[in-house]
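Hello,

Here is the structure I promised to pass on. Please have a look at it first, and then read my notes below.

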Amino acid sequence: MKGHTGNTPLSYTEEDKRTLYQALLYGYRRAGDQAAALVYFGRRMTWKRFLEEVDAAAAAMISRGVKKGDTITIYTPNIPQGVIAVYAANRIGAVSNMVHPLSTAEEALYAIDLAESRLVFTVELNEELVSGRKIDIIRCKTGGYFPSNPKGLVLKGGYSFALRKYRPAHDVNSITSWTDFLKEGKDKLRSGFVLPEDDGKAKDTAVIMYTGGTTGTSKGVMLSNYAINTISIQMLIDVGQGRTDVGDGFLAILPIFHAFGLAVTVHAPLISGMKMVLVPRFDPKGCFKQIKKEHILFISGVPALFERMYPYFKNYNLSKVKLMVSGGDRVPETLTKKYNDLLIRDGADCRFRAGYGLTEASGTCTLSPINSEHLPGGCIGKPFTGSRIIIVKPGTTEEVADGEEGELCFLGPTIMNGYLKNEEATNAVLIRHPDGNAWLHTGDVAAFAPDGNIVFRSRVKRMIKVNGYNVYPMMIEEVFQRHPAVKQVCAVSTPYKNDRKIMLFVVINEGYNPNTMEKELISYAKDKLNRWSLPVKVAVIDEMPMTKYAKVDYRLLEKQEAERAELQKAAEESAKKD
């Protein structure tokens with residue numbers, strides 16, 4: 001069978017097949033009591049205190065009736081309480097149900113009900129949204145672990161937070177502050193209570209993550225201890241032995257309610273004894289100050305984050321950086337080049353890297369090489385150690401020839417246990433192949449390059465048929481992103497006579513005339529795109545709409561364009577009748 005496999009063999013011993021909590025203890029043994037496990041706006045939490053609070057939270061969960069196999073919901077951004085709660089739940093064999101803190105009440109309650117949660121950890125912003133459920137609420141203040149500031153306005157590391165009051169939840173069992181919750185657990189432990197033996201299994205579900213819900217109801221993805229531990233270890237192996245030192249900072253700005261954020265930017269640094277620097281909200285200036293202050297050498301983010309951070313990195317010495325990786329969306333070739341120019345300038349021994357993944361595979365499947373300088377747009381590298389990728393004809397298990405486009409299928413230890421309470425949906429994506437393995441069918445279009453790297457083409461759902469030809473908006477965007485006037489770009493379909501054509505939305509840089517942009521951009525692309533991919537219209541907008549997952553909301557733009565076209569058509573028909 002063809003296909004491509006990660007380069008380095010990875011053997012798992014029984015010791016490696018641990019729970020998240022058991023893997024965490026390896027990092028503690030490497031770092032020691034007094035080293036910093038996490039940093040939150042200048043407040044350092046030592047490993048000793050971190051583990052004490054994990055144990056206290058675990059004891060408090062037990063006192064609230066949470067037992068092995070039960071589920072708790074974490075409805076918070078990247079704050080210490082959320083991280084502690086994940087490991088506390090895992091310590092007693094409970095499952096963490098991870099919900100985006102900006103989810104609506106309907107979305108949050110759906111996830112809470114689906115997982116049958118026993119507790120919900122909220123923040124000020126969203127507590128009221130979980131009203132109407134007979135459940136215990138643990139109130140986690142965003143500023144709870146800030147260094148004290150009597151004025152209620154915290155200014156640390158370039159960030160400012162106004163500690164506003166929000167309305168509490170109502171019609172719930174109880175509301176307890178995080179501080180009182182921890183005290184409850186500490187009192188229980190001081191009274192002589194001993195936490196039960198940590199006898200969790202590697203294949204037990206550790207967390208539930210949610211897909212974006214772009215095609216109907218969002219699905220709960222069940223990820224095991226084994227899957228999350230594996231992806232964390234794979235990343236550490238890929239970075240290189242001896243390159244992860246105690247005291248190195250790892251920027252944890254990717255959210256803990258995303259698989260990649262939890263596994264790679266939280267769990268990986270902790271199990272290696274590094275220092276995790278938690279950032280709950282992205283602000284380029286404040287984020288840059290954290291990077292400088294905390295000796296952060298491992299930086300991961302999404303393309304939008306790196307675009308906004310670039311002006312700060314231009315005059316910063318990146319020579320000691322050990323990892324700089326972007327995923328979550330197509331990484332433009334221009335972005336890769338800009339950052340590689342900086343890394344080469346400063347003599348860093350790594351290069352800007354692009355990754356690809358999805359929640360169903362614990363957040364990531366591939367990563368471009370650590371030392372590659374010249375990769376084409378859309379290159380997402382090769383699969384991690386111990387994993388395989390093949391490209392098949394869509395809707396089949398038949399592999400295509402190398403170089404041909406098809407659906408990317410993934411096989412590896414990081415694949416989900418399945419969708420929570422949705423066997424039909426699980427069976428639709430975990431498909432048994434002739435080799436006897438259940439491969440994850442991603443629904444994404446990709447191809448193998450001659451050098452074995454994988455080139456990502458498009459999400460299948462985003463592919464547009466124009467005159468019967470497959471057109472990939474991401475490839476169109478890649479072309480226009482190279483134009484100096486273009487700051488951001490999004491290609492969508494638009495109704496055109498009895499077919500569809502391409503419509504382009506752009507945000508332009510200062511100094512360019514929006515009135516001439518349509519003609520200029522279409523002319524620019526005529527010799528770079530085939531006629532099916534060439535836009536028929538360009539609209540200059542002030543700002544791109546973004547989803548809560550920090551991606552351009554192309555569906556909203558496409559919907560607005562379809563509505564505009566429908567209104568125009570209706571007006572034209574009405575004019576004909578008159």
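Two strands are taken to pair if DSSP finds at least two bridges between them. Helices (H or I, at least four residues) and strands (E, at least two) are DSSP runs, numbered from the N terminus. This is a predicted model, in which local features need pLDDT of at least 70 and side-chain atom pairs count only at pLDDT 80 or more, while totals for chains, interfaces and linings use all residues. Residues are numbered from 1 along each chain as its sequence is written, and side-chain values use heavy atoms, with hydrogens and water left out.

With that in hand, the sheet I would start with is an open one of three strands, in the order β28-β29-β30 and with mixed pairing. β28 (486-496) and β30 (537-540) are its edges; each has a single partner strand, so one side of each is left without a neighbour in the sheet. On average, neighbouring strands here are turned by 25° against each other, direction ignored (axes are lines fitted to C-alpha atoms, for helices over the stretch in contact, and angles run from 0 to 180 degrees between N-to-C directions). Strand β29 (residues 499-508) runs parallel to β30, joined to it by four bridges, and Leu504 stands opposite Val538 in β30. Helix α12 (residues 473-481) packs on this sheet and touches β28 and β29, its direction making about 140° with that of β28; contact means heavy atoms within 4.5 Å. Helix α13 (residues 517-525) lies across β28, β29 and β30, at about 130° to β30.

Now to the protein as a whole. It has 14 helices and 30 strands. Of its 578 residues, 56% count as buried, where buried means under 20% relative accessible area, exposed over 50% and partly exposed in between (1.4 Å probe, protein chains only). Among contacts between residues at least 6 apart in sequence, 69% join residues at least 24 apart.

Another spot to look at is strand β5 (residues 95-98). Both of its faces are covered: Val95 and Asn97 are buried on one side, Ser96 and Met98 on the other. β5 pairs in the parallel sense with strand β4 (residues 71-74) over four bridges, and Ile72 stands opposite Ser96. The chain crosses from β4 through α3 to β5 in a right-handed β-α-β crossover, that is, with the strands pointing away from the viewer, the path from the first strand over the helix to the second runs clockwise. β5 also pairs in the parallel sense with strand β11 (residues 205-210), over two bridges; there Ser96 stands opposite Val207.

Leu20, Tyr21 and Leu24 of α1 meet Tyr87, Asn90 and Arg91 of α3.

Finally, helix α9 (residues 303-313) has Pro303, Leu305, Phe306, Met309, Tyr310 and Phe313 buried. Seen down the axis of α9, these fall within an arc of 145° (taken from the directions from the helix axis to the C-beta atoms), so they line one face of the helix. Their cover includes α8, β15 (296-301), β16 (323-326) and α10. In α10 (residues 333-345) sits Thr336, which is buried at a relative accessible area of 11%. Leaving aside residues up to four places away in sequence, Thr336 touches Val331 and Phe352.

Best wishes
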